[in-house]
Amino acid sequence: MVTIEIDNTSGFCFGVVNAIKKAEEELQTVQHLCCLGDIVHNEQEMQRLSDKGLVSIDHAQLQQMHGGKVLFRAHGEPPDTYETARHNAIQIVDASCPVVLALQKKIRTAYTDFPDAQIVIYGKRGHAEVNGLVGQTNGQAIVVEHADEINTLDFGRDIILFSQTTQSVAKFNDLVETIRQRMHNDAQFKYFDTICRQVANRIPNIRTFASRFDMVLFVSGAKSSNGKVLFSECVAVNPRSYFISTAADIDPDTLRDVASIGICGATSTPKWLMEAIAEKLDKLLNNK
């Protein structure tokens with residue numbers, strides 16, 4: 001019999017859990033609810049919520065709305081989005097992650113208190129969370145996605161560095177050291193490790209989990225940047241790791257000669273989906 005185990009540290013982070021809970025509570029009293037962007041980067045969960053009445057809209061559609069109610073997802077929004085909602089008499093259901101909101105406040109304070117400093121954000125350019133962070137500085141913050149992009153900084157001027165909440169702690173620390181070594185002219189360098197540990201700890205946890213099995217099925221939506229990062233960590237410790245989005249993606253040929261299979265996923269992967277995949281595997285391999 002093949003052993004099948006689901007990683008108990010995989011699945012939604014608390015910010016996503018909170019956003020989905022708020023959406024479902026609203027949908028108990030209304031037939032449909034607009035959400036600004038996908039509430040989670042997982043097609044199957046999006047379809048489940050769509051069936052309940054959740055409708056994704058973009059910022060251009062928000063601009064055209066007048067009245068009604070819109071849910072802001074966990075990633076957070078810049079100040080001008082709130083202003084658009086206020087101007088258009090739109091009621092906000094704010095499901096922004098508390099960790100993201102705290103980071104937004106730190107950046108806004110730094111931008112206000114140190115107007116001559118360069119505010120730098122280590123994160124993925126164009127990501128919804130990063131857009132919200134840059135918005136705290138009236139668009140003046142400098143986004144650094146890779147360490148080789150720091151040449152855009154002026155190391156002779158003060159720098160204040162923050163991080164998107166879902167970045168790698170190790171890479172952030174490397175970036176800190178690189179910037180520190182290049183500072184000159186008595187310019188001040190301050191940095192704030194603003195990475196969410198619930199997300200950051202997924203990397204060591206998932207590496208440990210993936211190494212225990214003959215084979216790993218990593219479950220994630222194709223659009224999840226967190227999913228891509230965590231899957232690469234699985235592959236690094238277990239080359240027999242496969243990226244799938246649904247139970248239908250399981251390739252029976254990959255299941256040969258395995259005694260144990262681990263199932264894990266991204267912070268945007270619902271537990272119910274991993275459980276459905278485990279159930280299908282059990283039927284395929286253990287004749288249940």
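Helices here are DSSP runs of H or I with at least four residues, numbered from the N terminus. The model is predicted.

**Stop 1: the largest pocket**

Select Thr166, Gln167, Ser168, Lys171 and Val229. Of the 23 residues lining the largest pocket, these are the closest to its centre. The space in this pocket comes to about 540 Å³.

Next, colour helix H7 (169–182), helix H8 (197–200), helix H9 (202–210) and helix H10 (225–237), the elements that each contribute two or more residues to the lining. Which element supplies the largest share of the lining? H10 does, with 6 residues.

Now colour the lining of the largest pocket by residue class: 10 of its residues are polar, 8 nonpolar and 5 charged.

**Stop 2: helix H4**

Move to helix H4, residues 79–87, and show the side chains of Thr81, Thr84 and Ala85, which are buried. Look down the axis of H4: the buried residues fall within an arc of 95°, so they line one face of the helix. An α-helix has 3.6 residues a turn, so residues three or four places apart point the same way.

Then select Asp80, Arg86 and His87; they are exposed, on the other side of H4.

To see what covers the buried residues of H4, display strand S2 (33–36), helix H3 (59–64), strand S4 (69–72) and strand S5 (91–94), which are among the covering elements.

**Stop 3: after H4**

Finish at Ala89, which follows H4. Check the backbone there: the phi of Ala89 is positive, near 55°.

Terms used. Residues are numbered from 1 along each chain as its sequence is written. This is a predicted model: local features need pLDDT of at least 70, side-chain atom pairs count only at pLDDT 80 or more; totals for chains, interfaces and linings use all residues. Side-chain values use heavy atoms; hydrogens and water are left out. On a 1 Å grid over the protein atoms alone, a cavity is a set of points where a 1.4 Å probe fits but cannot get out, and a pocket is an open set with protein on both sides within 12 Å along at least five of seven lines; lining residues have an atom within 4 Å of a point. Grid points are joined across faces, edges and corners, and a volume is the space filled by probe spheres set on the points. Ala, Val, Leu, Ile, Met, Phe, Trp, Tyr, Cys and Pro count as nonpolar, Asp, Glu, Lys and Arg as charged, and the others, Gly among them, as polar. Buried means under 20% relative accessible area, exposed over 50%, partly exposed in between (1.4 Å probe, protein chains only). The arc is that of the directions from the helix axis to the C-beta atoms. Contact means heavy atoms within 4.5 Å.
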